[in-house]
Amino acid sequence: MKTPKKLLLALALLAGSTGVQAAELNLFGWSEYVPQDVLDGFTKETGITVNFETYASNEEMLSKLVAGGGNYDLVQPSEYAAELMIRRNMLAKLDKAKLPNFKNLSPEFLGQVHDPKDEYTVPYMSGTVGIVVNTAVVKDDIKGYKDVFQAKFKNRLVVLDDNREIVTWALYASGLPVNEINPTSLAKVRPLVSEWVKLVKVFDSGSPKTALLNGDVDIGIVWSGEAALLWKEDQKFKYVLPAEGAHRFIDIFAIPADAPHKDAAHAFINYILKPEVSKIVSENFPYTNPNLEARKLLTPEEQANPASYPTGSPKLETFRDIGKAAAEIDQLMTDLKSAQ
Ligand code: N2P
């Protein structure tokens with residue numbers, strides 16, 4: 001049923017005059033990450049309308065926020081972007097009294113270096129960036145980045161369209177630190193990255209699984225949730241965490257300092273922390289769920305998906321805010337991609 005315009009106007013005026021915040025939430029989140037069912041369920045339960053805008057990289061989100069005008073109430077940075085946002089006073093402190101479901105989170109994802117006292121951020125989902133191999137086509141034993149970027153796989157690769165990620169793979173492959181990046185280390189990996197970008201057929205951060213599913217490419221370097229969906233579809237898609245090391249991301253919810261609807265933002269975070277809601281996130285986007293109560297609700301198959309819940313002891317690192325090196329990485333990638 002459509003609400004009559006006049007009634008909406010009256011409600012808006014009432015809200016303005018009483019200081020009550022309008023029933024609205026401006027969510028700025030990653031694409032392919034927040035299920036529509038969850039947004040609908042939240043609106044149904046609270047009456048709060050969700051305006052949802054998406055991005056495909058932390059850098060895209062940051063530049064929109066810095067440019068202003070978005071009026072965002074809730075954003076979804078990864079750990080290193082959250083660290084930067086806290087440092088620059090871009091986030092509001094959370095009111096934990098409004099987040100009783102915070103207790104469902106595993107301590108493993110709390111107290112991290114980006115927000116040591118969990119004052120500004122709430123883990124949403126975690127994951128890794130790794131290699132997917134279509135083993136029906138590729139018979140080689142792919143262990144690391146150098147096995148992927150071989151001349152024989154030219155035009156058979158999909159990789160994330162994410163500058164920091166790509167440069168990180170080259171740093172790992174060269175045995176260089178991934179969180180202390182400077183002009184010298186970038187100059188060292190430049191020839192390697194230059195070689196690599198020429199081999200790639202598809203750059204896609206939004207839905208890299210698609211090129212693999214269609215058979216357009218045979219190997220990918222993708223977010224683990226994408227790999228988990230591929231595995232669910234067909235177990236010929238094997239997930240490999242690169243031997244040289246891989247990014248373990250923690251994506252979180254945070255409220256921008258100037259968010260117009262902070263109450264609605266808290267309500268949404270608390271809603272998503274409900275085990276039965278967080279379970280819907282896992283079903284649609286099978287990343288590593290930091291919500292222990294939600295994890296209990298997953299099927300044994302979901303819990304055994306090797307991309308969602310890797311076993312063994314792979315070398316994983318979260319990213320740090322690297323300051324001005326971020327712009328240097330962007331410059332390097334722009335140069336190399338345009339030289340193609
Ligand atoms: C979802 C993207 C996962 C975010 N499409 C990786 N940080």
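Q: Which element supplies the largest share of the lining of the second largest cavity?
A: In this predicted model, that share comes from β4, with three residues. Strand β4 spans residues 122-134, and α11 (275-284) joins it in supplying at least two residues each.

Q: What makes a space in this model a cavity rather than a pocket?
A: A 1.4 Å probe fits in a cavity but cannot get out, whereas a pocket is an open set of points. With a threshold of 30 Å³ or more, the count of cavities comes to three.

Q: Which residues line the second largest cavity?
A: The lining is made of Pro 123, Tyr 124, Met 125, Ile 272, Leu 273, Ser 278, Val 281, Asn 289 and Asn 291.

Q: Why is the largest cavity said to lie between domain 1 and domain 2?
A: Domain 1 (5-126 + 250-303) and domain 2 (127-248 + 310-338) both give residues to its lining, so the largest cavity lies between them. Its volume is about 160 Å³. Of the 20 residues in the lining, Trp 30, Trp 223, Phe 249, Asp 251 and Tyr 287 lie nearest the centre. Strand β9 (residues 246-253) gives the most, with three residues. By class, the lining of the largest cavity divides into nine nonpolar, six polar and five charged residues.

Q: How do you know that domain 1 and domain 2 are in contact?
A: Contact requires heavy atoms within 4.5 Å, and 22 residues of domain 1 are in contact with 21 residues of domain 2. The centres of domain 1 and domain 2, taken over C-alpha atoms, are separated by 27 Å.

Q: How do you know which domains contribute to the second largest pocket?
A: The lining of the second largest pocket draws at least three residues from each of domain 1 and domain 2. About 290 Å³ of space lies in this pocket. Its lining has 16 residues, and those nearest its centre are Glu 59, Leu 62, Leu 84, Arg 88 and Ala 326. Two or more residues come from each of α3 (58-67), α4 (79-87) and α14 (325-338), with the largest share, four residues, coming from α3. The lining of the second largest pocket holds seven nonpolar, two polar and seven charged residues.

Q: Why are α6 and α7 described by the word they are given for their orientation to each other?
A: Helix α6 (residues 163-173) and helix α7 (residues 183-199) pack at an angle of about 110°, with axes 9 Å apart. Angles of 65 to 115 degrees count as roughly perpendicular; α6 and α7 are therefore roughly perpendicular to each other.

Q: What makes the contact between α6 and α7?
A: Helix α6 contributes Ile 166, Val 167, Trp 169, Ala 170, Leu 171 and Ala 173. From α7 come Ser 185, Leu 186, Val 189, Leu 192, Val 193 and Trp 196. By class, this contact has eleven nonpolar, one polar and no charged residues.

Terms used:
Residues are numbered from 1 along each chain as its sequence is written. This is a predicted model: local features need pLDDT of at least 70, side-chain atom pairs count only at pLDDT 80 or more; totals for chains, interfaces and linings use all residues. Side-chain values use heavy atoms; hydrogens and water are left out. Axes are lines fitted to C-alpha atoms, for helices over the stretch in contact, and angles run from 0 to 180 degrees between N-to-C directions. Angles under 35 degrees count as roughly parallel, over 145 as roughly antiparallel, 65 to 115 as roughly perpendicular and the rest as oblique. Ala, Val, Leu, Ile, Met, Phe, Trp, Tyr, Cys and Pro count as nonpolar, Asp, Glu, Lys and Arg as charged, and the others, Gly among them, as polar. On a 1 Å grid over the protein atoms alone, a cavity is a set of points where a 1.4 Å probe fits but cannot get out, and a pocket is an open set with protein on both sides within 12 Å along at least five of seven lines; lining residues have an atom within 4 Å of a point. Grid points are joined across faces, edges and corners, and a volume is the space filled by probe spheres set on the points. Domain bounds come from an automatic or database domain assignment.
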